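Dear colleague,

I am handing over the structure that we talked about, and I would ask you to look through it slowly before reading my notes below.

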Amino acid sequence: MKVDDAAVSSVLNRLRRGQGQLAGVIALIEAGRDCKDVVTRLAAVSKALDRAGFKIVASGVRQCTNNADETQAPMAEEELEKLFLALA
């Protein structure tokens with residue numbers, strides 16, 4: 001499954017946001033900050049990654065259901081289910 005070109009920019013922004021948040025988590029740990037601060041920032045990392053993953057899956061589902069070029073067989077229901085469960 002190829003990510004829709006229109007979704008690539010959004011996915012990359014979300015991944016970059018997650019990367020920045022992860023750098024913040026590392027800095028907090030290295031500075032010996034309170035665990036509440038670390039966990040809060042870690043939750044932001046997780047959310048950014050989840051949103052990127054959901055965007056990729058949503059783009060793939062849209063492509064599979066539209067399948068405009070007819071060169072690729074639509075994804076089986078089991079494959080789609082595995083993708084969703086991988087993010088759960």
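E79 is found in helix α3, which covers residues 77-87, where a helix is a DSSP run of H or I with at least four residues, a strand is a run of E with at least two, and both are numbered from the N terminus. With a relative accessible area of 40%, E79 is partly exposed, because that class lies between buried, under 20%, and exposed, over 50%, using a 1.4 Å probe and protein chains only. On the surface, E79 gathers with E77, E78 and E81 in a patch of negative charge. Such a patch is made of residues with over 30% relative accessible area and no salt bridge, with like charges joined within 9 Å and nonpolar side chains (Val, Leu, Ile, Met, Phe, Trp, Tyr) within 5 Å. A salt bridge here is a side-chain nitrogen of Lys or Arg within 4 Å of a carboxyl oxygen of Asp or Glu; Asp and Glu count as negative, Lys and Arg as positive, while His and the chain ends are not counted, and the place of a charge is NZ of Lys, CZ of Arg, CG of Asp or CD of Glu.

Please keep in mind that this is a predicted model, in which local features need pLDDT of at least 70 and side-chain atom pairs count only at pLDDT 80 or more, whereas totals for chains, interfaces and linings use all residues. Residues are numbered from 1 along each chain as its sequence is written, and side-chain values use heavy atoms, leaving out hydrogens and water.

Seen as a whole, the protein has 3 helices and 0 strands, and its elements run α-α-α from the N terminus on. Of its 88 residues, 19% are buried.

There is also a nonpolar patch on the surface, formed by V8, L12, L15 and L49, which together have about 280 Å² of accessible area, as given by the Shrake-Rupley method with a 1.4 Å probe, where for residues only the protein chains shown count as cover. Helix α1, residues 5-30, gives the most to this patch, with 3 residues.

Helix α2 spans residues 35-66 and holds A44, as well as A58. A44 counts as partly exposed at 29% relative accessibility, and its C-alpha is 9.6 Å from that of V25, 19 residues apart in sequence. A58 is likewise partly exposed, at 42%, and 9.4 Å separates its C-alpha atom from that of F84, 26 residues apart along the chain.

With best wishes
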